[in-house]
Amino acid sequence: MKKTNAADKPRRFPLIRKILLVILALILIVVIVIAIFSAKNVKAMDKTVDAALSAISQEYTLTPEDPENYKEIKVYNVFKFDVQQYSVEGVGNLSVMKVNMGFMQMATIILTPIEKNLPLVSADYMYQFGKRTSYLEFYDCVPDLKDEAYQSLLSDLSAVKEKYSELEDTTPTPAWYDSLKTVGFYKIGKAKDDPTLDQMLCDGFETVLSASKELPTLNEEEMSAKRKLCKEYSDGLISNGGISTDVFKEQLGEDTTRDFFDKVLFGTEHYGN
């Protein structure tokens, strides 16, 4: 039997030390890469949101509202959602939600029209290192789907969608609310596509709000019906699930999530019962 020489043991330590140093160096490289991309993507995300707000404010007056307890929402004691809320004069509620998770950044913009016969607009822009995933969706939360002006708006939105057909399409995961979606833009790209993706977002909002100027303000009964449809959609997210909704329910609880949705994210509470 070969005897182990006690003098060999100390020789192993330099090798183990080298392995540990290599592992630490690799970890440091990964952290640095994430930090660099994170900083770049946060700037890109902020630019996207600023472009959308600028496009909306060119059509209607935006008035900042106080999200109160929901200005910052922390989940898993690590990630923080920054929330902004606005009222769009003569239209409804607008909310902006941003989060930086290091390896991914995401901006969500939701327009909930209550005073006009317009679709609910939801945009999710995701940034993963050099990759981009952009969703722009329009929901039939309206009391009169057959209205001629509304159908004309949907045709205009389809034309906008065609305008960006050169961007690569992606297929969203099937969800319970698919039957409510009337038009949807689902695109993937790279950082170089940011200006085009931002313009697509602005064009979508501008098309809706430009059409809004030609529409009459809903009467009290119609507005109540519109609010109810929007509330049914937001309640449906809570009862049936959604990616971000499930996270909020887990971290905040169902009642607090509903309160956040009603007061801020969709803002239906501000338009009567």
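Helices here are DSSP runs of H or I with at least four residues, numbered from the N terminus. With that in hand, here are some views of this predicted model.

**View 1. The end of α6 and the glycine after it.** Helix α6 covers residues 254-265. Gly267 follows α6, and its phi is positive, near 65 degrees.

**View 2. Helices α5 and α6 cross obliquely.** Here α5, residues 243-252, packs against α6 at an angle of about 125 degrees, and the two axes lie 7 Å apart. Angles of 65 to 115 degrees count as roughly perpendicular and those over 145 as roughly antiparallel, and the pair is therefore oblique. The crossing of α5 past α6 is right-handed.

**View 3. Side by side at the α5–α6 contact.** From α5 come Thr245, Phe248, Lys249 and Leu252, which meet Glu254, Thr256, Thr257, Phe260 and Phe261 of α6. Sorted by class, this contact holds four nonpolar, three polar and two charged residues.

**View 4. The buried residues of α6 and their cover.** Thr257, Phe260, Phe261, Asp262, Val264 and Leu265 are the buried residues to look for in α6. Their cover includes strands β2 (72-75), β3 (79-88), β4 (92-100) and β5 (105-113), along with helices α4 (220-240) and α5.

View 5. Six helices and nine strands make up the count for the protein chain. Its radius of gyration is 24 Å, well over the 19 Å that the globule rule gives for 273 residues, so the chain is more spread out than a compact globule. Along the principal axes, the C-alpha trace spans about 95 × 45 × 35 Å. Buried residues make up 44% of the 273.

Terms used. Residues are numbered from 1 along each chain as its sequence is written. This is a predicted model: local features need pLDDT of at least 70, side-chain atom pairs count only at pLDDT 80 or more; totals for chains, interfaces and linings use all residues. Side-chain values use heavy atoms; hydrogens and water are left out. Axes are lines fitted to C-alpha atoms, for helices over the stretch in contact, and angles run from 0 to 180 degrees between N-to-C directions. Helices (H or I, at least four residues) and strands (E, at least two) are DSSP runs, numbered from the N terminus. Angles under 35 degrees count as roughly parallel, over 145 as roughly antiparallel, 65 to 115 as roughly perpendicular and the rest as oblique. A crossing is left-handed if the near helix is turned anticlockwise from the far one by less than a right angle, and right-handed if clockwise. Contact means heavy atoms within 4.5 Å. Ala, Val, Leu, Ile, Met, Phe, Trp, Tyr, Cys and Pro count as nonpolar, Asp, Glu, Lys and Arg as charged, and the others, Gly among them, as polar. Buried means under 20% relative accessible area, exposed over 50%, partly exposed in between (1.4 Å probe, protein chains only). The radius of gyration is taken over C-alpha atoms; the globule rule is 2.2 Å times the number of residues to the power 0.38.
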